[in-house]
Amino acid sequence: MYRTGCGVFAIVNAVGYLTGNEMDVMEVGRWANSIGSFNTASFGGTDRTVMYPKLQAKYGEMYGFKGGWMGYATAASSTLKNHLANGGVAIGHVLGHFICIPGRNSKVQRQTLKAAF
């Protein structure tokens, strides 16, 4: 999991943030592998196009979440910014790595960016 599990960890973190429920990351990883979307013989990592659309059917009722819009947006997207500002979460994909984006606070974001540069 520590080398290629970022896509699995991102969804587990997103669900935890939204619902307060802790998914078992190893269970989700094993399930994702069984449906051909994580660490398969031909693909190391997470295939979001296979895994994410099936998550609600498998775990939604158990962990209390409903699937949402699945699309693509840049960090500058007003749709994404509004979604995060209104309590939503997003899964980001940057340079071969998945991350959970649990919300947006523009004041904190500005402070973080200033500190980073």
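Leaving aside its neighbours within four places in sequence, Met51 is in contact with Val8, Ile11, Val28, Trp31, Ala32, Ile35, Ser37 and Thr46. Please keep in mind that this is a predicted model.

Now, where does Met51 belong? It is in the largest nonpolar core, which has 19 residues. Within that core, Met51, Leu55 and Tyr59 touch the most other members. Three helices each supply at least two residues of the core: H1, which is residues 6–19, H2, which is 25–34, and H4, which is 55–63. Which helix gives the largest share? That is H1, with six residues. As general background, nonpolar side chains in soluble globular proteins tend to be buried together.

Let me step back to the whole chain. The protein has six helices and four strands. If you read from the N terminus, the order is α-α-β-β-α-α-α-β-β-α. There are 117 residues in the protein, and 29% of them are buried. On contacts: take those in the protein with a separation of 6 or more, and 47% of them are between residues 24 or more positions apart.

Next, two of the helices that supply the core, H2 and H4. Their axes come within 12 Å of each other and cross at roughly 155°. How do the two helices run relative to each other, roughly parallel or roughly antiparallel? The cut-off for roughly antiparallel is an angle over 145 degrees, so H2 and H4 are roughly antiparallel. Their crossing is right-handed. On the H2 side, the contact is made by Glu27, Val28 and Trp31. On the H4 side, Leu55, Lys58, Tyr59 and Tyr63 make it. Sorted by type, the residues of this contact are five nonpolar, two charged and no polar. Two names on the H2 side, Val28 and Trp31, were also in the list for Met51.

Last, Thr46, one of the residues Met51 contacts. Thr46 lies in strand S2, residues 43–46. Is Thr46 buried or exposed? Its relative accessible area is 7%, and buried means under 20%, so Thr46 is buried. Not counting residues up to four places away in sequence, Thr46 touches Thr4, Gly7, Val8, Ser37, Phe38, Met51 and Phe98. Val8 and Ser37 are in that list, and Met51 contacts them as well.

That is what I have for today.

Notes:
Residues are numbered from 1 along each chain as its sequence is written. This is a predicted model: local features need pLDDT of at least 70, side-chain atom pairs count only at pLDDT 80 or more; totals for chains, interfaces and linings use all residues. Side-chain values use heavy atoms; hydrogens and water are left out. A nonpolar core is a set of buried Ala, Val, Leu, Ile, Met, Phe, Trp, Tyr and Cys residues joined through side-chain atoms within 4.5 Å. Buried means under 20% relative accessible area, exposed over 50%, partly exposed in between (1.4 Å probe, protein chains only). Contact means heavy atoms within 4.5 Å. Axes are lines fitted to C-alpha atoms, for helices over the stretch in contact, and angles run from 0 to 180 degrees between N-to-C directions. Angles under 35 degrees count as roughly parallel, over 145 as roughly antiparallel, 65 to 115 as roughly perpendicular and the rest as oblique. A crossing is left-handed if the near helix is turned anticlockwise from the far one by less than a right angle, and right-handed if clockwise. Ala, Val, Leu, Ile, Met, Phe, Trp, Tyr, Cys and Pro count as nonpolar, Asp, Glu, Lys and Arg as charged, and the others, Gly among them, as polar.
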